[in-house]
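Hi,

Here is the structure I promised to pass on.

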Amino acid sequence: MIELSELFFYFFTVMVLGIGCIVAFSQNLLRSAFALFFVLFGIAGFYVLLGGDFLAVVQVLVYAGGINVLLIFGTMLTADVATPESSNISFQSVLTIVAGAGIFFLLLFIINSAEWPIVTQEMVPTTKHIGRLLLKEYILPFEVISFLLLASMIGALVLVNKGDQR
Amino acid sequence: MSLSGYLAVSIALFTLGTIMFISRKNTIAILMGVELVLNAAALNFMAFSKFTQSQASQLDGQIFAIFIILMAAAEAVVALAIALSVYKEFKQILANKLVSLKG
């Protein structure tokens with residue numbers, strides 16, 4: 001009898017890796033941008049299985065709702081979506097795929113041969129503890145990352161506006 | 001599911017992202033590959049946070065995954081701004097044709 005969480009693990013694995021192959025190898029850039037959406041949802045499912053309820057919601061909100069929409073906008077604003085050649089895979093791609101498969105099997109061999117001293121934690125709600133950690137132990141990285149977000153926002157505005165001044 | 005199952009999914013995703021940002025020509029496709037790699041790293045941190053031994057620092061991996069997501073947001077915003085202004089200047093964003101610094 002297979003456990004329900006294991007069933008969901010295999011479901012999300014097939015979803016993430018199968019649609020991830022579409023993202024990586026699709027000739028149409030817009031199609032891979034939309035496929036990336038489902039990959040990010042699958043990752044959020046993995047976060048739920050790993051007991052990170054807050055992280056799963058953040059993943060859906062920030063990644064799938066924010067970054068991916070931004071990527072789709074960028075695709076539509078710049079690429080010639082109608083011509084697949086604008087996002088074509090270059091000629092070294094066969095070599096790249098072979099090298100990537102080599103890296104994959106090397107890393108798989110390493111993680112299978114390593115000894116992991118693991119214990120399984122029970123699942124508890126994490127939001128309260130994450131909030132407490134972010135405002136106590138991790139207050140400095142929290143402030144630094146908020147400053148980074150502000151700086152990147154201003155930087156993006158400056159970069160996009162720069163061409164108009166000529 | 002054990003830790004190595006999650007790690008295997010994570011390295012498969014990392015490999016897909018690496019293949020993508022090496023073999024694609026479009027700058028935005030390269031950025032998508034970087035997003036896949038960042039997601040693989042965050043999944044790794046989440047898996048180690050679930051299966052960690054120390055009770056005190058159980059949520060450290062999740063905190064790190066939050067920071068990865070926020071950094072990815074900042075990076076995507078700046079990279080897309082660069083891509084848009086490059087597109088304004090050169091009318092295309094294929095990485096193999098942007099050679100004006102080559103001299």
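Below is what turned up when I went through it.

First, a caveat: this is a predicted model, so treat everything here as computed from that.

Let me start with chain A as a whole. Of its 166 residues, 35% are buried. If you take the contacts in chain A with a separation of 6 or more, 63% of them link residues 24 or more positions apart. Chain A exposes about 10000 Å², and 75% of that comes from carbon and sulfur atoms.

Next, the core. The largest nonpolar core has 64 residues, and the members touching the most others are Phe46(A), Tyr47(A), Leu55(A), Leu71(A), Tyr6(B), Met32(B) and Leu36(B). Leu36(B) is a handy one to click on. Beyond its neighbours within four places in sequence, Leu36(B) contacts Val23(A), Leu36(A) and Val39(A) from chain A, and Leu13(B), Leu16(B), Gly17(B) and Met20(B) from chain B.

Ala56(A) sits in helix α3 and counts as buried because its relative accessibility is 7%, against a cut-off of under 20%. Setting aside residues up to four places away, Ala56(A) touches Ala44(A), Tyr47(A) and Val48(A). From Ala56(A) to Gly100(A), 44 residues along the chain, the C-alpha separation is 28 Å.

Ser26(A) is in the loop between α1 and α2, and yet this residue is buried too, with a relative accessible area of 10%. Its side chain reaches the backbone oxygen of Asn28(A) at 3.3 Å. Leaving out neighbours within four places, Ser26(A) is in contact with Cys21(A), Arg31(A), Ser32(A) and, across in the other chain, Arg24(B).

In soluble globular proteins, nonpolar side chains tend to be buried together. Here, though, Ile2(A), Leu4(A), Leu7(A), Phe8(A), Tyr10(A) and Phe11(A) make a nonpolar surface patch of about 610 Å². One of them, Leu4(A), belongs to helix α1 of chain A and is exposed, at 58% relative accessible area.

Cheers

Definitions and conventions. Residues are numbered from 1 along each chain as its sequence is written. Chains are lettered from A and ligands numbered from 1 in the order in which they are written. This is a predicted model: local features need pLDDT of at least 70, side-chain atom pairs count only at pLDDT 80 or more; totals for chains, interfaces and linings use all residues. Side-chain values use heavy atoms; hydrogens and water are left out. A nonpolar core is a set of buried Ala, Val, Leu, Ile, Met, Phe, Trp, Tyr and Cys residues joined through side-chain atoms within 4.5 Å. Buried means under 20% relative accessible area, exposed over 50%, partly exposed in between (1.4 Å probe, protein chains only). Contact means heavy atoms within 4.5 Å. Patches are made of residues with over 30% relative accessible area and no salt bridge: like charges are joined within 9 Å, nonpolar side chains (Val, Leu, Ile, Met, Phe, Trp, Tyr) within 5 Å. Accessible areas come from the Shrake-Rupley method with a 1.4 Å probe; for residues, only the protein chains shown count as cover. A salt bridge is a side-chain nitrogen of Lys or Arg within 4 Å of a carboxyl oxygen of Asp or Glu. Helices (H or I, at least four residues) and strands (E, at least two) are DSSP runs, numbered from the N terminus. A polar contact is a pair of N or O atoms within 3.5 Å; within protein, one must be able to donate a hydrogen and the other to accept it, and residues adjacent in sequence count only if both atoms are side-chain atoms.
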